[in-house]
Amino acid sequence: QVQLVESGGGLVQTGGSLRLSCAASGRTFSSYFMGWFRQAPGKEREFVAAISWGGGSTTAADSVKGRFTISRDNAKNTVYLQMNSLKPEDTAVYYCNAVRSLIRPDPLGSWGQGTQVTVSS
């Protein structure tokens, strides 16, 4: 089973950028589709973006398209989320997880501790 550790969150002003990282353990990391999710206070966890095994295909929620970019480095067992033009509504705890596919990015494994992103107005 893949274990996940998210990092890179912080406090940033509106319009700023952050890059999140998700380090995965396990030799089968490269065989999984991977995704990022987020949960804002008082709201359900929602899908943000996902990436294919080799990194050649991605998908993202409409709310982040054009601003967030997901990528991965299978040699480092790490998936990234580059977040630009951040808005206060992006404030949330961000999590990564293996997902079923790009068409159905249902989370597959256990959740890590997440990383907090706070965007001030």
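**Entry 1: the disulfide**

I started with the link of Cys-22 and Cys-96, which is right-handed, with 55° about the S-S bond. This is a predicted model, so I keep in mind that every value here is computed from it. From S to S, I read 1.8 Å between Cys-22 and Cys-96. Then I searched the whole structure for disulfides, and the search gave one.

What does the pair tie together? I found Cys-22 in strand β3 (residues 18-24) and Cys-96 in strand β9 (residues 92-99), so the link joins parts that are 74 residues apart in sequence. A friendly reminder to myself: a disulfide is a covalent bond between the sulfur atoms of two cysteines.

Are they buried or exposed? I looked up Cys-22 and got a relative accessible area of 0%, so I noted Cys-22 as buried. For Cys-96 I also wrote down 0%, and Cys-96 is buried too.

**Entry 2: the sheet around β9**

Next I followed β9 into its sheet. I traced six strands in the order β2-β10-β9-β4-β5-β6, forming an open sheet with mixed pairing. At the edges I marked β2 (10-13) and β6 (58-60), each of which pairs on one side only. Neighbouring strands of this sheet are turned by 25° against each other on average, direction ignored.

**Entry 3: β9 and β10**

Last, I checked how β9 meets strand β10 (residues 115-120), and found antiparallel pairing over three bridges. Which residue in β10 stands opposite Tyr-94? I noted Thr-115 there.

Terms used:
Residues numbered from 1 in each chain as written. Predicted model: local features only at pLDDT ≥ 70, side-chain atom pairs only at ≥ 80, totals over all residues. Heavy atoms only, no water. Disulfide = S-S within 2.5 Å. Helix = DSSP H or I, 4+ residues; strand = E, 2+ residues; numbered from the N terminus. Buried < 20%, exposed > 50% of the residue type's maximum accessible area, 1.4 Å probe, protein only. Pairing = 2+ DSSP bridges. Axes fitted to C-alpha atoms, helices over the stretch in contact; angles between N-to-C directions.
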